[in-house]
Amino acid sequence: MTSVVETAIRSVVSKSVTALATFNRGRLRAPDGPHPFLTGLHAPMTEEMTIEDLAVTGSIPPALDGRYLRIGPNPIAADPRTYQWFLGDGMVHGLRIERGRARWYRNRWVRSTQVTTALDEPRTPGPRHGDFDTVNTNVMGFAGKIRAMVEAGSTPVLLGDKLETLAYDDFGGTLHGSFSAHPHLDPLTGEMHAIVYNPREPTTIHHVVVAADGRVRREEPVRVSHGPMIHDCAITARFVVILDLPVTFSLSALIAGSMFPFRWNPSHPARVGLLPRDGAGSEVIWCDVDPCYVFHVANAYDDDGSVVLDAAAYDSMFAQGSDAPRGAFERWTIDPVARGVRRDVIDPHPQDFPRIDERRFGQPYRYAYAMMLPETADPAFTGATSLIKHDLQTGVRSVHSMGPHRYPGEFVFVPAHANAAEDKGWLIGLAVSRIDQTTDLVIIDAQNFEGAPLASIHIPHRIPPGFHGNWVPQ
């Protein structure tokens, strides 16, 4: 009986998603009213640009040689009555830095079917997984290639050196299902780990491992219920950490016309799964946790039989009729014997997009960096003007202020050299000025976090807030 029910659910979801995606594509038009993610700081860019030899204030560290890339939603034509920020057409922004100079800036739409149709271009080649092929959430270098990624469906997209879309890519035919927007590289093995979900498979998620050669070696199924939305995961030396929390697929929201059919679900038990890294899905150790939601993990590691996980945790998310939730930075101690989780607040101030020196991912570490969110509820994040550095050994919190009316996004840590100390390097990310509608790529000395930036690379237009960015060495 269970298999019959699951088959019916998958059929209904698949047909509904396809129908609504087609419906949405057919009603594209220019925005005709205010929308928090289509106006102001979030107003989409309307053209692709190439700007060479950008102006710089300060001095770019000569050791930086590569590209800073960041992706986010930038709808090519959106209806404000139905637009959802998470679903906007992807646009990649990139800056090439070499020998102390900012050689170029480029922005390019990721050529999904919706974008190529709007631009009257040929359809991008390559295999899709599902009908909705918008890719807008993360961009990173791995195994010698640059990939743009999204969760819950589409395969990644290969990008060229100048950010042009090359093809949809299933890791050379080795990925059989969907992928994640938030894979994590294990610096000790060179492998990439991800926990993958798909609304069409509400009772199964997968642990996907991509080997250092860029080929998938593992897609292990794990049984779940209700179709949980799992944006991020973590790894330790022993485990992959699965966050099965109460934001789940909502068929009623989909049927009502929502293009983002996930909602807070109080009936879904909140739990953390510890999957042995090469174990079967049936071997997951499930540990109960108080109801909450996590978009982003800072890090996790093994500690004397337990697992420590640091993350930005929200009391709820996508709950109907509630105020915009705000996340605190928390440490979870996960006990696989007692099968429980103790939650301790490291810093109650609202914050998200935590990043670390990723050479320490899956291992004990000392420093974490995050984007400070406003104290008052602000669903568009337009009140965030500072970054935070946490010294988890001393408990000291440092703040880097961008100044009034300048709004940072996620910043990534780049080590000064391969053997540099954990905080010997730079924080790099974009900051937008509401006053003059320009953007800077800001480079901060991690060891002088509260001081003035080492360099600000000036981009003469506003880049709308987006999601994730990464440094790709040359």
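The legends below describe several close-up views of a predicted model.

Residues are numbered from 1 along each chain as its sequence is written, and side-chain values use heavy atoms, with hydrogens and water left out. Because the model is predicted, local features need pLDDT of at least 70 and side-chain atom pairs count only at pLDDT 80 or more, whereas totals for chains, interfaces and linings use all residues.

View 1. The volume of the second largest pocket is about 930 Å³. On a 1 Å grid over the protein atoms alone, a pocket is an open set of points where a 1.4 Å probe fits, with protein on both sides within 12 Å along at least five of seven lines; lining residues have an atom within 4 Å of a point. Grid points are joined across faces, edges and corners, and the volume is the space filled by probe spheres set on the points. The lining is made of 43 residues, and Gly 141, Leu 185, Glu 358, Asn 470 and Trp 471 lie nearest the centre of the pocket. Elements that give two or more residues to this lining include β6 (138-142), β7 (145-149), β8 (157-159) and β33 (469-473). With five residues, β33 gives the most. Strands are DSSP runs of E with at least two residues, helices are runs of H or I with at least four, and both are numbered from the N terminus. By class, the lining holds 23 nonpolar, 11 polar and nine charged residues. Here Ala, Val, Leu, Ile, Met, Phe, Trp, Tyr, Cys and Pro count as nonpolar, Asp, Glu, Lys and Arg as charged, and the others, Gly among them, as polar.

**View 2. An open sheet of four strands.** The strands follow the order β6-β7-β8-β9, with antiparallel pairing. β6 and β9 (165-168) are at the edges with a single partner strand each, so one side of each has no neighbour in the sheet. From one strand to the next, the twist averages 30 degrees; axes are lines fitted to C-alpha atoms, and angles run from 0 to 180 degrees between N-to-C directions. Two strands pair if DSSP finds at least two bridges between them, and three bridges join β7 and β8 in the antiparallel sense. Opposite Ala 148 stands Val 157 in β8. Strands of a sheet pair through backbone hydrogen bonds, either parallel or antiparallel.

**View 3. Strand β21 and its two partners.** Strand β21 (residues 306-314) is mostly covered, as nine of its nine residues are buried. Buried means under 20% relative accessible area, exposed means over 50%, and partly exposed lies in between (1.4 Å probe, protein chains only). Ser 306, Val 308, Asp 310, Ala 312 and Tyr 314 point one way from β21, while Val 307, Leu 309, Ala 311 and Ala 313 point the other way. β20 and β21 run antiparallel and are joined by eight bridges; Ala 300 stands opposite Leu 309 in β21. The hairpin of β20 and β21 has two residues between the strands, and in this hairpin Asp 304 takes a positive phi near 55 degrees. β21 also pairs with β22 (residues 328-335), in the antiparallel sense and over seven bridges. Thr 333 in β22 is the bridge partner of Val 308.

**View 4. Aromatic rings around Phe 86.** Rings of Phe, Tyr and Trp (its six-membered ring) pair if their centres lie within 6.5 Å; planes under 30 degrees apart count as stacked, over 60 as edge-to-face and the rest as tilted. The count by this rule is 18 aromatic pairs. Phe 86 and Phe 260 form an edge-to-face pair, at 5.1 Å centre to centre with 80 degrees between the planes. Phe 86 lies in the loop between β3 (66-73) and β4 (90-98) and Phe 260 in the loop between α3 (251-255) and β17 (262-264), so the pair ties together parts 174 residues apart in sequence. Phe 86 is partly exposed at 23% relative accessibility, whereas Phe 260 is buried at 9%. The rings of Phe 86 and Phe 295 are also edge-to-face, because their centres are 6.3 Å apart and their planes stand at 85 degrees. Phe 295 lies in strand β20, 209 residues apart from Phe 86, and is buried with a relative accessible area of 10%. One aromatic cluster has Phe 86, Phe 260 and Phe 295 among its members.

**View 5. Two non-glycine residues with positive phi.** Asp 120 is not a glycine, yet has a positive phi of about 55 degrees. Asp 120 belongs to the loop between α2 (113-119) and β6 and is exposed at 71% relative accessibility. Phe 353, likewise not a glycine, has a positive phi of about 55 degrees. Phe 353 is found in strand β24 and is buried at 10% relative accessibility.
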